[in-house]
Amino acid sequence: MSEMDLIKLRKPFPPSEIEWRVGATNSDKTKGIALPYITNRAVQNRLDDVCGPGNWWNEYKQFGENSQLCGITILIDGRPVTKWDGADNTKVDPTKGGLSNSMKRAAAQWGIGRYLYSLPTYWKEIKKAGGTFKLCEFPILPKWALPEGYEDKKINYSDTSARYDEANASLEEYLDNEARHSEHQITESQAMNLYDTLQPYEEQGMFTIESVWKYFGVKDAFALTNKQYAKCLQMLNGYDEKAEKSAKKK
């Protein structure tokens, strides 16, 4: 590919490919800053589409004791050019989280998703979700942050199982939708949200997160299918209902 083609890496993603998490919150925990990000899958797909699967690759190096470096190399007019960036290991699944974040930062060096840093600050209503918070609704992106020719309409997140949970659907609706996509792996954001949801249970000595992965026969949340993920949510929902009934009896 030529340097002129690199500008295609910088193009905005469709809103359905943007993930959101809660950043800082207000004092009464009713509103929080909506922080956008893209997943590694989105980065890989963009590199495949623009550069071609055989014209780019990545590599990792450990930096210090708790950080990871990622370099993304692209063949430009037959010459390999590499850009590096790094990230600290995360609290949950430390090494894998550090590798994932370092790749996304290296991608930003090439312009992939960099425009997200220029979005305005969005304060949105939030709700409690286990040991963390979720957005009650997603921000509407400005026109300059949308793909060229994108129709400005409300996104129907129920069209894709990967985004359905992020649209805060009820458990029953989610399970119905998952029946059509049961064997697909869950998204990166779903896996991280599940870690956050399970952590309070582990901290209170109810069960360990490791025991959950063992129950489903996987090594971590990232290996769960949508069917297993839905089953896990269903089990937690039943667990909370039993705990609530027990508390009322007391």
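Which residue in β5 is the bridge partner of Thr73? It is Thr82, and the close-ups below, taken from a predicted model, show where this pair belongs.

**View 1. Three strands form an open sheet in the order β3-β4-β5.** Start here to get your bearings: the pairing in this sheet is antiparallel. β3 and β5 are the edge strands, each pairing on one side only. From one strand to the next, the twist averages 20 degrees. Strands of a sheet pair through backbone hydrogen bonds, either parallel or antiparallel.

**View 2. Strand β3 (residues 56–63) meets β4 through eight bridges.** The two strands run antiparallel. Look for Tyr60, whose bridge partner in β4 is Cys70. The hairpin of β3 and β4 has three residues between the strands. In this hairpin, Gly64 takes a positive phi near 70 degrees.

**View 3. Ten bridges connect β4 with strand β5 (residues 79–88).** This pair of strands also runs antiparallel.

**View 4. Strand β4 (residues 67–76) is largely enclosed by the rest of the structure.** Why is it described that way? Eight of its ten residues are buried, so β4 is largely enclosed.

**View 5. Helix α1 (residues 40–51) crosses helix α2 (residues 94–109) at roughly 40 degrees.** Two packed helices are described by the angle between their axes and the distance between the axes. In this model, the axes of α1 and α2 come within 10 Å. The angle of roughly 40 degrees makes α1 oblique to α2. The crossing of α1 past α2 is left-handed.

**View 6. Residues of α1 and α2 meet where the helices touch.** On the α1 side, you can pick out Asn40, Val43 and Gln44. They meet Ser100, Met103, Lys104 and Ala107 in α2. The residues of this contact divide into three nonpolar, three polar and one charged.

Key
Residues numbered from 1 in each chain as written. Predicted model: local features only at pLDDT ≥ 70, side-chain atom pairs only at ≥ 80, totals over all residues. Heavy atoms only, no water. Axes fitted to C-alpha atoms, helices over the stretch in contact; angles between N-to-C directions. Helix = DSSP H or I, 4+ residues; strand = E, 2+ residues; numbered from the N terminus. Parallel < 35°, antiparallel > 145°, perpendicular 65-115°, else oblique. Left-handed = near helix turned anticlockwise from the far one by under 90°. Contact = heavy atoms within 4.5 Å. Nonpolar A, V, L, I, M, F, W, Y, C, P; charged D, E, K, R; others polar. Buried < 20%, exposed > 50% of the residue type's maximum accessible area, 1.4 Å probe, protein only. Pairing = 2+ DSSP bridges.
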